Amino acid sequence: MVILKPVSTRKFKVGPDGFPCQMGDRQENSEQTAQPRGFEALKIHTLEHKVDVALWTTRLLTIFFTLAYFIPLFGNPYNAYYKVLMANAATSALRLHQRLPGVSFDREFLSRLLTEDSCHYLFYSLIFLYVAPVTFALMPVFLFSVIHFSSYSLTLLDLMGHNSWWGARLLISLVEFQSRNILRLIAFSEIFLMPYTVILIFLGKAGLLTPFVYYHFLSQRYNSQRNPYTRNMFHELRNAVEGMANKPNMPGMVRNALMSIVAFTCRLAPPQRPAQQ
């Protein structure tokens, strides 16, 4: 006598390996492998990436205090100026901790330290912390914070969900689209601040050593291996000034003055370091 077994009512589906699998099992597996979203995912990410989140926070503070300096709705704008520089110094110190976690007191470590962009801007913050408020000095700090804050904010928004905060995503996309022009503007402001520090001496807003200290900062930016925009901007400005001087209708006195400025600037240019392997 043949006994017929009842047919299972569970549905089957061909899996990615070509073998049939039960749909219920696949749903359970997908639920187990699904990553958490929302505030729970944000909490986990914060605990696993404490330094990155701290950098995001200090950059947010830099942006906030810059806006508070230009739009003094809350507090004293004079205090906001120095808080911008202190927040930027904290960002640079945290970034240095990421890039160079081990500290050693030798020549090799000092050489590596001076090649880091975060070391340059830690030095930059210290320069302008000890002079009277210079509004233009906030531009490089603010723009760098906007670029890096926007980039990491996109990571945090993805943790919240791909369709969350579409307005913020639009603003981030605009910053990323204009990132090259922003970096060029930062490079131009770094160069422009060099003669401006000399003017600050005559205005009584800076000490005699400020231009010399800032020249050291600008030399480090010129030799930066991770950010060539300052070096490229020097080249663009030189071509622009020489093109202006070589115009047929340019007076001879002005032409000589422009070419003298170019020659003087070229003599001050530091020798380029060989690229690190």
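**View A. The side chains of Arg 169 and Asp 158 form a salt bridge, with 3.1 Å from N to O**. In this predicted model, Arg 169 belongs to helix H8 (residues 166–177) and Asp 158 to helix H7 (residues 138–160), so the contact ties together parts that are 11 residues apart in sequence. Arg 169 counts as buried at 16% relative accessibility, whereas Asp 158, with a relative accessible area of 26%, is partly exposed.

**View B. A salt bridge joins the side chains of Arg 221 and Glu 190, at 3.3 Å from N to O**. Distant parts of the chain are linked by this pair, since Arg 221 lies in helix H10 (residues 210–222) and Glu 190 in helix H9 (residues 179–202), 31 residues apart. Arg 221 is buried at 1% relative accessibility, and Glu 190 is also buried, its relative accessible area being 0%; both values fall under 20%, the limit for calling a residue buried. The pair is part of a network of salt bridges in which Asp 117 is linked with Glu 190 and Arg 221.

**View C. Within helix H11 (residues 229–245), Arg 238 and Glu 242 lie four residues apart, about one turn of the helix**. Their side chains meet in a salt bridge with an N to O distance of 3.1 Å, and Arg 238, at 39% relative accessibility, counts as partly exposed.

**Overview. The structure holds six salt bridges**. Among them are the pairs Arg 169 with Asp 158, Arg 221 with Glu 190, and Arg 238 with Glu 242.

Note on methods: Residues are numbered from 1 along each chain as its sequence is written. This is a predicted model: local features need pLDDT of at least 70, side-chain atom pairs count only at pLDDT 80 or more; totals for chains, interfaces and linings use all residues. Side-chain values use heavy atoms; hydrogens and water are left out. A salt bridge is a side-chain nitrogen of Lys or Arg within 4 Å of a carboxyl oxygen of Asp or Glu. Helices (H or I, at least four residues) and strands (E, at least two) are DSSP runs, numbered from the N terminus. Buried means under 20% relative accessible area, exposed over 50%, partly exposed in between (1.4 Å probe, protein chains only).
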